[in-house]
Amino acid sequence: MNEIARQNRQRIIEDMIVLLGRSASEGLVWRSSKTDLIEMVHIVYCADVLRDAQGLPLTFRELVRRACEIVHVSIPANPNQLVTRAQQRKGRRMLPLLERYDKMFV
């Protein structure tokens, strides 16, 4: 992974940690695709930076539930399938999230 991709991944992790600390009562609304949201949650999950009160890593399912609740998006039945589909995107308009971030900040 190049330095720009590493920086973008870190930016996503930091932004998602802030988002996951918010409350559904704040009325936040997700304005991008559900796939992008789940892909961002998966990046945080893989970073293994969020823990529960006992110090155990939060599950991907729990992170998805929390993120969707906060931004008022329905919880996908199979979030892993969305991540797989996101990582297989092709074409200029459907690049994976990190590749689009790379192009936004160059």
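Which residues does His 42 touch, not counting residues up to four places away in sequence? The views below come from a predicted model, in which local features need pLDDT of at least 70 and side-chain atom pairs count only at pLDDT 80 or more, while totals for chains, interfaces and linings use all residues. Residues are numbered from 1 along each chain as its sequence is written, and side-chain values use heavy atoms, with hydrogens and water left out.

View A. His 42 touches Phe 60, Val 83 and Gln 87, where contact means heavy atoms within 4.5 Å. With a relative accessible area of 17%, His 42 is buried (under 20%; exposed is over 50% and partly exposed in between, with a 1.4 Å probe and protein chains only).

**View B. Packing of helix H1 (residues 3-20) with helix H2 (residues 34-47).** The two helices pack at an angle of about 100°, with their axes 9 Å apart, which makes H1 roughly perpendicular to H2 (65 to 115 degrees). Helices are DSSP runs (H or I) of at least four residues, numbered from the N terminus; axes are lines fitted to C-alpha atoms over the stretch in contact, and angles run from 0 to 180 degrees between N-to-C directions. H1 contributes Arg 9, Ile 12, Ile 13, Met 16 and Leu 20 to the contact, and H2 contributes Leu 37, Met 40, Val 41, Ile 43, Val 44 and Ala 47.

**View C. The aromatic pair of Tyr 45 and Phe 60.** The ring centres lie 5.6 Å apart and the planes meet at 50°, so the pair is tilted (centres within 6.5 Å; planes under 30 degrees apart are stacked, over 60 edge-to-face and the rest tilted). Tyr 45 in helix H2 and Phe 60 in helix H3 (residues 60-70) are 15 residues apart; Tyr 45 is partly exposed at 35% relative accessibility, whereas Phe 60 is buried at 8%.

Key
Parallel < 35°, antiparallel > 145°, perpendicular 65-115°, else oblique. Phe/Tyr/Trp six-rings, centres within 6.5 Å; stacked < 30°, edge-to-face > 60°.
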